[in-house]
Amino acid sequence: MEEVRALAQAAGLPLPQERAPLLAASLPMLWLGRDILLSLHLGEEGPAAVFKAPATT
Amino acid sequence: MKGQELTGLTLAEASRLMRRREISPTELTEACLARISTLDPQVNAFITVMAEEAMAAARLLEKEAARGEFRGPLHGIPVGVKDLFSTKGFPTTAGSPLLAHHISEEDATVVARLRQAGAVVVGKLNLHEFALGATSKNPHFGPVRNPWDLSRVAGGSSGGSGAAVAVGECLAALGTDTGGSIRIPSSLCGITGLKPTYGRVSLHGVVPLSWSLDHVGPMCRTAEDCALMLEVIGGPDERDASCAPFPVPRYSHQLEEGVRGLRIGLPREHFWEGVDGEVVNLVRQAVDVLAALGAQVREVSLPYVDVIPHAVVSIMLPEAAAYHLPRLRQRPEAYGEDVRLRLEMGALMPAVQYVQAQRARKAIVAAWKEVFREVDLLATPTTPIVAPRIEEGDLEATLTLIRNTNPFNLTGQPAISVPCGFTSAGLPVGLQLVGRWWEEGTVLRAAHAYQQATSWHRRLPPTHPR
């Protein structure tokens with residue numbers, strides 16, 4: 001719960017007492033995703049090309 | 001022709017009749033507006049009905065038609081637009097009270113293109129609040145109800161678009177799709193919806209959900225209608241940097257090429273897991289129809305498929321939070337509970353997770369391009385389940401509904417949902433066909449071939465008193 005409050009404060013989000021448990025219950029799903037994504041072997045390339053439309057079809 | 005017969009027409013049929021002067025723009029627009037008056041109190045597809053403006057536009061188009069001037073296939077066709085698209089002089093609410101009094105000063109690029117092509121905008125369509133969900137259970141404007149069973153959701157986030165087309169309140173609609181929001185309501189409402197390739201259609205003037213996952217596309221009764229709509233709304237737009245710089249092909253001219261020789265891949269993993277048995281059977285039968293028409297069907301494996309839901313969430317939520325954070329800080333209580341929670345999750349996500357998800361996305365696209373050397377299309381169920389009941393939990397329903405659609409928001413590939421049958425409870429099921437990047441023509445021609453061989457897309461919901 002403390003982790004959630006600290007994160008919300010850092011983001012400047014108002015987090016009433018009664019909402020903290022709801023958000024805390026949802027965060028493990030995010031952290032699971034983070035750990036799965038970090039476990040991928042993606043080499044040294046960045047993501048930039050994702051946003052570029054191709055020059056030709 | 002009676003009003004109910006008029007509103008049961010496809011866009012292409014209405015267009016042909018319009019050309020022959022057998023129907024007129026005012027007649028068709030009046031029929032759709034009457035349909036809205038009769039049915040929308042039940043279905044709740046519209047947030048704003050633009051009756052006066054629509055009739056004025058129809059009268060102008062009628063005068064042009066009387067002089068033999070036709071702007072194209074959309075001349076005099078009533079369309080609805082999801083209430084995320086700016087529409088000059090009218091509110092664009094995004095399904096939220098936060099924007100309820102925001103009057104748009106100009107049309108979104110795609111709305112302007114529709115009007116230029118002769119379409120008659122009849123109103124703004126209900127949706128999941130800020131498009132951040134797949135049920136369209138809007139806490140501010142009420143839920144969009146599924147025309148096949150009013151106790152069920154229409155799907156989302158473009159639920160109003162799906163329901164309005166299904167019941168003939170308009171002949172075509174615009175939707176947006178960030179995780180499946182065109183294809184899911186199309187599947188659940190028994191219509192045809194196309195998410196084009198990322199960059200094919202301008203996002204200018206559209207309230208964003210997630211800039212790098214958002215797509216705009218048509219929702220209609222048939223693939224032919226989607227082709228006609230995409231020819232109008234697609235193409236370069238200097239006001240949207242994500243929009244590709246090349247012109248749009250004439251998809252409607254490729255529709256009759258059939259599927260003979262096309263290689264259709266059935267994914268081995270992910271897309272069939274947890275899918276309702278009746279949905280599996282109907283989608284497999286649809287693939288058999290395509291095979292009987294000459295397509296070659298084979299199984300394929302798609303690398304990284306289990307990573308995709310995490311990558312989508314890790315991109316969508318922080319991008320949405322970046323857009324909403326100022327309002328979320330000032331007026332959090334103005335958001336619905338589900339949307340507020342998702343935005344809060346996005347605001348708390350570490351930046352490294354977002355960047356890693358975008359890096360994963362690049363690797364996934366590269367790997368799937370290899371798969372698409374072996375096949376021309378993928379075929380999957382659009383959604384693992386049929387329309388859930390309105391009282392069912394939103395989070396569970398959303399996670400299930402987006403499972404088969406959101407991979408193609410991440411990869412940016414074109415994907416269509418076509419009706420492929422009905423369950424024993426009378427609820428529609430959708431077949432999803434996915435193509436190579438920029439090859440909407442192949443997707444549309446396969447969908448058209450399927451619809452020429454079947455009649456599921458012709459079936460109208462019971463709320464359509466025909």
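Is B:Trp211 buried, partly exposed or exposed, and what is its relative accessible area? In this predicted model, B:Trp211 is partly exposed, with a relative accessible area of 42%.

**Aromatic pairs**

Over all chains, the structure holds eight aromatic pairs. One of them joins B:Trp211 and B:Tyr323: the ring centres are 6.4 Å apart and the planes stand at 80°, so the pair is edge-to-face. B:Trp211 belongs to the loop between strands S9 (192–195) and S10 (215–220) of chain B, and B:Tyr323 to helix H10 (residues 308–330) of chain B, so the contact ties together parts that are 112 residues apart in sequence. B:Tyr323 also counts as partly exposed, at 23% relative accessibility.

A tilted pair is formed by B:Trp368 and B:Phe408, with 5.9 Å from centre to centre and 55° between the planes. Here B:Trp368 comes from helix H12 (residues 351–374) of chain B and B:Phe408 from helix H14 (residues 407–411) of chain B, so this pair ties together parts that are 40 residues apart in sequence. Both B:Trp368 and B:Phe408 are buried.

B:Trp148, B:Phe422 and B:Trp456 are linked by ring pairs into a cluster. One member of that cluster, B:Phe422, also has B:Arg459 over its face, at 4.4 Å from the ring centre. Another charge over a ring is that of B:Arg284, whose charged end sits over B:Trp272, 4.3 Å from the ring centre.

**Salt bridges**

The count of salt bridges over all chains is 29. Among them are the following.

| Residues | Closest N to O distance |
|---|---|
| B:Arg67 and B:Glu69 | 3.1 Å |
| B:Glu440 and B:Arg200 | 3.1 Å |

In the bridge between B:Arg67 and B:Glu69, B:Arg67 is exposed, with a relative accessible area of 53%, whereas B:Glu69 is partly exposed at 38%.

The salt bridge of B:Glu440 with B:Arg200 has its closest N and O atoms 3.1 Å apart. This pair links distant parts of the chain, 240 residues apart: B:Glu440 is in helix H15 (residues 440–453) of chain B and B:Arg200 in the loop between S9 and S10 of chain B. Both B:Glu440 and B:Arg200 are buried.

B:Glu299 is partly exposed, with a relative accessible area of 48%, and B:Arg268 is partly exposed, with 47%.

A network of salt bridges links A:Arg19, B:Glu337, B:Arg340 and B:Glu344.

**Nonpolar patch and a contact in chain A**

A:Met29, B:Leu395 and B:Leu399 make a nonpolar surface patch of about 260 Å². Of these, B:Leu399 lies in helix H13 (residues 394–401) of chain B and is partly exposed at 41% relative accessibility.

In chain A, helix H2 (residues 20–38) contains A:Ser26. The relative accessible area of A:Ser26 is 13%, and the residue counts as buried because that value is under 20%. A polar atom of the A:Ser26 side chain lies 3.0 Å from the backbone oxygen of A:Leu22.

Technical notes. Residues numbered from 1 in each chain as written. Chains lettered and ligands numbered in written order. Predicted model: local features only at pLDDT ≥ 70, side-chain atom pairs only at ≥ 80, totals over all residues. Heavy atoms only, no water. Phe/Tyr/Trp six-rings, centres within 6.5 Å; stacked < 30°, edge-to-face > 60°. Helix = DSSP H or I, 4+ residues; strand = E, 2+ residues; numbered from the N terminus. Buried < 20%, exposed > 50% of the residue type's maximum accessible area, 1.4 Å probe, protein only. Lys NZ or Arg CZ within 6 Å of the ring centre and 35° of its normal. Patch = residues over 30% accessible without salt bridge, like charges linked within 9 Å, V, L, I, M, F, W, Y side chains within 5 Å. Areas by Shrake-Rupley, 256 points an atom, 1.4 Å probe, with all protein chains shown as cover. Salt bridge = Lys/Arg side-chain N within 4 Å of Asp/Glu carboxyl O. Polar contact = N/O pair within 3.5 Å; in protein donor to acceptor, adjacent residues only side chain to side chain.
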